[in-house]
Amino acid sequence: MTILVTGGAGFIGSNFVLDWLAGCDEAVVNLDALTYAGNLRNLASLQGDARHRFVQGHIGDRALVDSLLARHQPRAIVHFAAESHVDRSIHGPGEFMKTNVEGSFTLLEAARAHWGSLDDAAKAAFRFHHVSTDEVYGSLAADAPAFTETHPYHPNSPYSASKAASDHLVRAWHHTYGLPVLTTHCSNNYGPFHFPEKLIPLIIVNALAGKPLPLYGDGLQVRDWLFVADHCSAIREVLARGRVGETYNVGGWNEKTNKEIVHAVCALLDELRPSAAGPYARLITHVKDRPGHDRRYAIDARKIEGELGWRPAETFDTGIRKTVQWYLEHADWVADVQSGGYREWVNRQYGA
Ligand code: NAD
Ligand code: DAU
């Protein structure tokens with residue numbers, strides 16, 4: 001049996017592929033365009049592992065997707081591939097529309113054609129798992145209840161609007177064509193292989209380099225943080241036992257302000273890698289706010305907990321410690337990402 005993973009060289013996708021193959025022998029075909037966010041070095045431990053087949057390509061390449069589905073006959077597609085960074089979507093929304101909207105549309109059409117060609121048993125077992133985000137629900141007031149699965153959509157950034165559009169396509173392909181879909185809406189992830197354009201890895205690498213730690217606006221925006229391995233275990237549960245056509249919110253009940261996050265990272269670095277120049281918090285710098293910045297996200301995860309018995313394994317304290325330690329132990333990964341060397345890593349590692 002095989003699954004097709006899209007975006008499996010990115011932050012969450014690579015964690016998912018590694019976790020998946022650590023837990024079972026079901027093969028993974030990994031389709032990833034290797035944009036700036038894709039890093040095959042994340043998957044270096046799978047080199048020579050016949051269970052992992054990497055294919056460089058765009059989800060919007062219909063002929064390529066059709067040929068992969070025909071050749072490998074996956075029993076499921078787990079769709080991570082996306083442009084994922086809100087700040088980049090503000091500067092250049094075009095790529096977000098191409099991948100997140102048009103790319104998802106093409107993938108859905110290819111999945112529908114493939115699914116339609118299966119026999120009844122394979123058709124019933126097939127799943128299209130769409131990895132979405134809590135950002136599609138928009139921003140919460142400080143005292144508002146956390147997002148449930150029935151919260152109205154209010155996307156506020158080009159990124160979240162593009163993810164919302166893809167969610168609607170997934171829903172429609174189920175409702176109209178019967179494609180057996182599942183959608184998960186996860187809160188902010190953190191952990192190994194997180195590209196240092198996002199808050200937590202950016203703070204770690206800047207602090208270690210003695211650079212300013214930029215906090216947007218007043219730094220009191222709230223996010224709900226989940227260790228990436230817990231997101232991966234939630235996807236596995238939903239894929240295995242989630243009800244077709246349903247959506248599941250995934251979160252760690254860990255609401256924190258950005259200021260709290262940055263101070264927590266600084267305190268861990270003070271403990272694990274003290275700086276002769278003094279506490280890392282001295283580097284915190286308030287900078288101009290993100291345009292349209294959502295004030296608060298919070299996930300109500302009772303549906304996935306109640307129906308599927310899923311629970312996060314990490315608390316914020318254990319997860320953030322593991323994360324900071326991982327970055328301290330992987331200075332070569334960070335250096336390669338910062339220099340851009342990771343983009344040549346495949347050639348260096350595997351030759352031409
Ligand atoms: P990422 O930016 O780290 O990785 C995205 C991956 O997709 C990269 O490997 C990239 O090369 C690949 N990709 C981009 N465009 C592609 C295309 N057209 N065809 C094939 N591959 C392409 O993103 P991430 O943080 O790992 O997020 C993965 C998914 O999870 C996204 O759909 C995102 O919306 C969702 N999500 C992320 C978070 C989070 O906190 N990071 C939280 C909830 C949901
Ligand atoms: O909520 C899930 C989403 O989380 C995912 O769908 C996105 O793909 C993922 O990128 C993430 O989006 P955010 O915008 O919340 O993540 P980011 O790390 O960019 O920012 C987290 C918070 O920190 C946010 O309030 C903005 C703030 N921030 C971010 C950066 C990069 C700063 O204050 N300074 C910074 O330099």
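1. A word on conventions before the details. This is a predicted model, in which local features need pLDDT of at least 70 and side-chain atom pairs count only at pLDDT 80 or more, while totals for chains, interfaces and linings use all residues. Residues are numbered from 1 along each chain as its sequence is written, chains are lettered from A and ligands numbered from 1 in the order in which they are written, and side-chain values use heavy atoms, with hydrogens and water left out.

2. Let's start with ligand 1. Its shell holds 28 residues, and the closest are Ile12, Asp32, Ser84, Tyr159 and Lys163 (a residue is near a molecule if one of its heavy atoms lies within 4 Å of it). By class, 13 of the shell residues are nonpolar, 13 are polar and two are charged (Ala, Val, Leu, Ile, Met, Phe, Trp, Tyr, Cys and Pro count as nonpolar, Asp, Glu, Lys and Arg as charged, and the others, Gly among them, as polar).

3. For the polar contacts of ligand 1 (pairs of N or O atoms within 3.5 Å), Lys163 brings a polar side-chain atom to 2.6 Å from a ligand oxygen. The backbone also takes part: a polar backbone atom of Ile12 is 2.8 Å from an oxygen atom of ligand 1, and a backbone N or O atom of Phe11 lies 3.0 Å from one. On its own, ligand 1 has 830 Å² of accessible area, and the protein covers 96% of it (Shrake-Rupley method, 1.4 Å probe).

4. Which elements each supply at least two residues of the shell around ligand 1? They are helix 1 (11-23), strand 5 (127-133), helix 6 (158-177) and strand 7 (188-190) (DSSP runs numbered from the N terminus, with helices being H or I of at least four residues and strands E of at least two). Strand 5 gives the largest share, three residues.

5. Ligand 2 is surrounded by 23 residues, the closest being Thr133, Asp134, Tyr159, Arg290 and His293. Nine of the shell residues are nonpolar, eight polar and six charged.

6. Side chains reach oxygen atoms of ligand 2 from Asp134 at 2.5 Å, Asn188 at 2.7 Å and Glu135 at 2.8 Å. The protein buries 94% of the 690 Å² that ligand 2 exposes when taken alone.

7. Finally, helix 11 (residues 316-329) and helix 12 (residues 331-339) have axes 5 Å apart and pack at an angle of about 75°, so they are roughly perpendicular to each other (65 to 115 degrees). Trp326, Tyr327, Leu328 and Glu329 in helix 11 meet Ala331, Trp333 and Val334 in helix 12 (heavy atoms within 4.5 Å). This contact has six nonpolar residues, no polar ones and one charged.

Definitions and conventions: Axes fitted to C-alpha atoms, helices over the stretch in contact; angles between N-to-C directions. Parallel < 35°, antiparallel > 145°, perpendicular 65-115°, else oblique. Polar contact = N/O pair within 3.5 Å; in protein donor to acceptor, adjacent residues only side chain to side chain.
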